[in-house]
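Me: Please take a close look at one part of this model, the strand pairing. I would like the partners and the directions spelled out.

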Amino acid sequence: MQFRVLAPLEVRSADGRSAPVPEKKVRALLAALLAHHGRPVSADRLVEHLWGARPPANRTASLQSKVSQLRRALDTAEPGARKLVVTPPPGYRLDIAADALDAGRFTALTARAHAAAGAQERAGLLGAALDLWHGPAFAGFADGDLIRPVAESLEEQRLTALEERAAARLELGEHAPLAAELAGLVARHPLRERLRALQLTALYRAGRQSEALTAYGEIRALLAEELGVDPGPELAAAHRAILRQEPWEQREPGGGAVTRDAGRAQVAVGTAPARPRTNLPAPLTALLGRRDAVRQVERSLTDHRLLTLTGPGGVGKTRLALETAGRLGDTFPDGVWLVELAALSRPDDPARGRDTRCTAAELAETVLAVLGIREGAAGGPVAERLTGAVRGKRLLLVLDNCEHVIDAAAEVTAALLAAAPHLRTLVTSREPLGLPGEAVWAVPPLEPDGAVELFAARATAADPAFALDAAVTPVVAEICRRLDGIPLALELAATRVRALGVRELNARLDDRFRLLGAGRRGAPARQQTLRAVLDWSWELLPAPERTVLRRLAVHADGCTLRAAETVCAGDGVPQDEVLDLLARLVDRSLVTVARTAHGPRYRLLETVAAYCLERLAEAGELAAVRRRHHRYYTELAEQAEPLLYGADQRQWLERLDAEAANLRTALDGSIREGATDRALRLVNALAWYWFLRGRLAEAGRSLEAALAAGEGAAGSVAAGRRLRAAAWQVGMGSLAGGTPTPWRGRPPSSSGTRRTASRASGPGPSGSWGTRRWASATRRPPRHGSTARWPPSARSATAGAPRRA
């Protein structure tokens, strides 16, 4: 079954018979699905397209009725064709091949023409493509918002194809007939500069020089009057060629070229190769684990003129951008161009000072060089030459690695988008450009399955003997988790499989920067090792941001804003500035933020945290910042302890759950540092939390460790805390249903205290005299009648069979 939209909408069966589609709304539905063939159209958008501002009362049923009518019409034309209308979320899609639609065949033919080497072949393919047009695209249906952008895009592609065919015919020497044909086209599109340049050239080469100069004067005056601009570089170059009486080359069918001027001709052997319409590098490996991401980025770039891919170093921003840009090549008749900015004003470049920034003019010159615009092709400042070169063009620019030239990149991008309404810009950066209309798409680490797939593929390439079997898969999954699903880190690690195997590789990841320090040949210096990736980001940070980032690394599993302000402030960083610095680090993709019921939590990827701990040690701050961390979480536990007995119990249980890793780190660190009083304070404050959560074994281990570390501590305060911890230890053991392991250290000197500790240490089931003495010694008995707030494990303890919460 064939469909025509480059004319009045028509459906034809496989044998060429026209198939009527009754009722205007059904035809409008078909037109909308054809405009988005291959992509689903949501039900809401279809309802709006069909009924506008006056939708039916039962929107779903009314739309389904029109879909059923369309299916019947297709099935009548060709049995079984009703299956072409499918219903993927969130709406409907017409499941047809690209060559079943005349617009799809037109696009394919123009793509073949762009790749053709000879003018004769190029003109033939473009002629065949243009022959598919029999009227305006989507005639009668192009007024709606759902179809208008597609119709306008097709019309622009048709005009571009007409221009390309005219250029090919100029090469073939068809000057006179072409000049006559272009007259009508120019009259319908008087401001289209490339069309005018082709007309001038055709008139000049046909011997009508005076008419060509008159035509240039007309377009120059029209541009000044209508747009307030001068002719662009291509039109100006055509004018200069006429004034200078420059000769031209005419392509011959045999492939040679005849150079002609006013009165003589000579044969020039060979032909200059056509300029390619892209400079995207050919990928050496397949892009794995990013299938959905490519589709999402492609859709976002269709909807937005400026799309910025952000994310930490090594997450695969460039690879994703190149894959997406490559798939969109046929959409941009003037090409897809990659502008690599990593070499501009590198942060590690000794030739430039730290405060020396890349200017907008330098960046614009780089873009001009990529586009092939030579010095002297047009006068004026470099920014004006660049905007003049892209004005009226339909092209995609990929600006790669903008984070170190972010200001210049933003300035140039803003100027380009303002001057070229058909330009699309895809940016990769570790932070957004911050321009109006910018869409930001954060590139996430690979999902676990995608990470395993990538690691296995690269490991197999490095070691053909590697096999991802049931025994190896869990180890590979653990490697991928520890490397945060970062593609660059996974690829570096996979190269070590041949020498180490996956188990030894996993065992050595604690020293990941040394382990993954072998450079990758052919990769940019900033991506050759895991450390180089992070060094690149680190060098871009001002000193206060570096300070906050490295201090964040002492947290385990993230932290709240209050924790960051307390732990990261000091020594040159005021507490009230931490929030702004933290926000900048989030923008730079070095810190991730997660929204929770109790506010945002800030986290570092494991690899970033390991790097920052090294930097913290280099700065001589590791011990001091860890002490601040331990003090903060000890005070947090003490703040929570009395509130666990009141109406806010649930909220504080959830907050302590979120900080479990930090609390454990604070306890282990306090014990390791010999801060025994702080360790005892922490376990005593957390004991009731552990009890409510049913974590009796964890409580027992923690209490025993704190008590063992506190042996020999002097003073009545320390003795009281040791006694309370000992009582909690006995109680937890009793609640566990067995014989508790009491604290074996020397008891305090008071005989009464010794008797209390001794009796509290006695064995017995829950509810015994020993447990009652335990409750008395902890001084935090549960309120009478408050068992509703006890977890099931606590209520069941009296039966000697506690359950874990």
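The reply below covers the strands and how they pair.

Reply: This is a predicted model, in which local features need pLDDT of at least 70, side-chain atom pairs count only at pLDDT 80 or more, and totals for chains, interfaces and linings use all residues. Residues are numbered from 1 along each chain as its sequence is written, and side-chain values use heavy atoms, with hydrogens and water left out.

Terms come next. Strands are DSSP runs of E with at least two residues, numbered from the N terminus. Two strands pair if DSSP finds at least two bridges between them.

Strand 10 runs parallel to strand 11 (residues 396–400), and five bridges join them. Leu338 has Val398 of strand 11 as its bridge partner.

Strand 5 (residues 91–94) is next. Two bridges tie it to strand 3 (residues 41–42), and this pair runs antiparallel. Here Ser42 is partnered with Gly91. Strand 5 also pairs with strand 4 (residues 85–86), again antiparallel and through two bridges. Val86 lies opposite Arg93 of strand 5. Strands 4 and 5 make a hairpin, with four residues between them.
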